Amino acid sequence: MNTLLLVIPYHQKDAVLAKQLINWMGELHPEGYLHPCMLACDATVDRDTQADIFKLAKATFATVDLLRIPVPLDRQGWIP
């Protein structure tokens, strides 16, 4: 069986949009998705926001993983 991995990347400035996307997907398919979901965010996203988005995704997808991307030490070109 082929499996689709849905990846939802977000950062602090668009975390609200990630929540809205997951809520909308839940409305489209209330019984949930059998596909796994990977949430990818950088280290500037606070833990409470990460937890909120993770809970929403957990209620919508079969499995959810969180990938936290560290902020580069020199922060060159990194706009949080």
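What share of the 80 residues in the protein is buried? Buried residues make up 29% of the chain, where buried means under 20% relative accessible area, exposed over 50% and partly exposed in between, with a 1.4 Å probe and protein chains only. The model is predicted, so local features need pLDDT of at least 70 and side-chain atom pairs count only at pLDDT 80 or more, while totals for chains, interfaces and linings use all residues. Residues are numbered from 1 along each chain as its sequence is written, and side-chain values use heavy atoms, with hydrogens and water left out.

The protein has 2 helices and 3 strands, in the order β-α-β-α-β from the N terminus. These elements are DSSP runs numbered from the N terminus: helices are H or I with at least four residues, strands are E with at least two. The accessible surface comes to about 5,500 Å², and carbon and sulfur atoms hold 60% of that area; the areas come from the Shrake-Rupley method with a 1.4 Å probe. Of the contacts with a separation of 6 or more, 77% join residues 24 or more positions apart, a contact being heavy atoms within 4.5 Å.

In soluble globular proteins, nonpolar side chains tend to be buried together. Here the largest nonpolar core has 15 residues, and Y10, L39, I53 and F61 touch the most other members. At least two core residues come from each of β1 (6–10), α1 (15–28), β2, α2 and β3. Such a core is a set of buried Ala, Val, Leu, Ile, Met, Phe, Trp, Tyr and Cys residues joined through side-chain atoms within 4.5 Å. Beyond its neighbours within four places in sequence, Y10 has contacts that include A15, A18, L39, I53 and L66.

A search of the whole structure finds 1 aromatic pair. Y33 and F61 are stacked, at 5.4 Å centre to centre and 25 degrees between the planes. Rings of Phe, Tyr and Trp (its six-membered ring) pair if their centres lie within 6.5 Å; planes under 30 degrees apart count as stacked, over 60 as edge-to-face and the rest as tilted. The pair links strand β2 (residues 33–42), which holds Y33, to strand β3 (residues 61–69), which holds F61, across 28 residues. Both Y33 and F61 are buried.

T60 is found in helix α2 (residues 47–60). T60 counts as buried because its relative accessible area is 9%. Its side chain reaches the backbone oxygen of L56 at 2.9 Å. Leaving aside neighbours within four places in sequence, T60 is in contact with I22, G26, G32 and Y33.

Technical notes
A polar contact is a pair of N or O atoms within 3.5 Å; within protein, one must be able to donate a hydrogen and the other to accept it, and residues adjacent in sequence count only if both atoms are side-chain atoms.
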